[in-house]
Amino acid sequence: MTILHAAQPVDGGVARVVVDLVRGQRAAGHRVLLACPPDGLLGAEAAAAGAELLDWPAGRAPGPATAGEVRRLRRIVRAAEPDVLHLHSAKAGLAGRLAVRGSVPTVFQPHAWSFAAVEGAVARATLRWERYAARWAHALVCVSEQERADGAAAGIAAAWRVVPNGVDLEHHAPAGAADRRAARAALGLAGAGLDPEAPLAVCLGRLCRQKGQDVLLDAWPRVAEAVPGAGLALVGGGPDEAVLTERVRALPGPRRVLMAGGVGDPRPWLAAADLVVLPSRWEGMALAPLEAMAAARPVLLTDVPGARECLPPGDAVPPVPPGDAAALAERLVEELADPDACARRGGLARAHVADRHDVRRTVEQVEAVYRAVLPARPSGRPDSRVPQGF
């Protein structure tokens, strides 16, 4: 089978999902191509995993350049002649569905709904587009049941498939107490102003409004006051980095907050953590919590799509409301005040991820989606909506 992935963005969880799919699909013997912008980590990591890279310059947001991006992607698809086109996230979903309009078996995976990221007229226009463009996807893959339910409730009529995100359990191995000490030493926490013997919370994710680091910083002064010595590391880069850095500088008292920047490999930070916190405003099913749990680290999440579904059944720390700094602070204090309980929860989290979120299962489920859409290839009289000469 020839599989063509198209992706924008080229960083964060979307990129990690695409790379894992590429690796698993190549191991299964498929020819795998990836159309994506040349910047970011995705291209290099996907190539290392065995993908054939196809240069597709495209911005993250729609705009005047979108028409040209659609034409370029149409040419890429025509030349590649894939059996399946797999579109990742809103921008590739926009360009790809406009480019082929159902003339190639198409799978669209939103990785969180685009209309959840905006408000007002833009949200209404985005939702209208998703309702209309669903006709050009032979399958619409959601990473959580809640993401699917939100799409259906918004009036999107689609051939739904739910395939939860997965993690590479060999790559993300459980980290014990000795690993924690070694990671904290290697990362130089003491030199960065954090106490290597004190509780540490790590927030791993792109620095942007979606991930809610601003809410976490609103909560942190109460945590620092209640848990002496507790530290916080914000790991990631993104458009809000400068603004968040200024907010850290403005925190009262001993800040004990480290802006760690973007990293190619998050595993040392997961190993160093007592608790991993992701205060997102919206998600589909975030990958960072699954990676944290694979490393035997407990997580504190906000109650966004995918959060409850990725946690172990009966988890003692339920998600908090998104945007609620007071609730987030209260739960952080409870967790960081008892590192031993964090370690116990981490062990349960690892067992849960190993049972439910092995990336090999994800790859198998995605291939089953492909197999189901392959007979849908148009035959006979062409659809009049297909671009002329496709």
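The side chains of D274 and R184 form a salt bridge, with N and O 2.7 Å apart; the term stands for a side-chain nitrogen of Lys or Arg within 4 Å of a carboxyl oxygen of Asp or Glu. D274 sits in the loop between α10 (267-272) and β11 (275-278) and R184 in helix α7 (residues 177-186), so the pair ties together parts that are 90 residues apart in sequence. Helices (H or I, at least four residues) and strands (E, at least two) are DSSP runs, numbered from the N terminus. D274 and R184 are both buried, where buried means under 20% relative accessible area, exposed over 50%, and partly exposed in between (1.4 Å probe, protein chains only).

The model is predicted: local features need pLDDT of at least 70, side-chain atom pairs count only at pLDDT 80 or more, and totals for chains, interfaces and linings use all residues. Residues are numbered from 1 along each chain as its sequence is written, and side-chain values use heavy atoms, with hydrogens and water left out.

By the salt-bridge rule the count comes to 21.

| Pair | N to O distance |
|---|---|
| D274 and R184 | 2.7 Å |
| E130 and R97 | 3.1 Å |
| R247 and D218 | 2.2 Å |

E130 and R97 form a salt bridge. This pair links helix α5 (residues 120-133), which holds E130, with helix α4 (residues 89-100), which holds R97, 33 residues apart. E130 is buried at 2% relative accessible area, and R97 is buried at 0%.

R247 forms a salt bridge with D218. R247 belongs to helix α9 (residues 241-249) and D218 to helix α8 (residues 213-226), 29 residues apart. R247 is partly exposed at 29% relative accessible area, and D218 is partly exposed at 38%.

A network of salt bridges links D11, R60 and R206.
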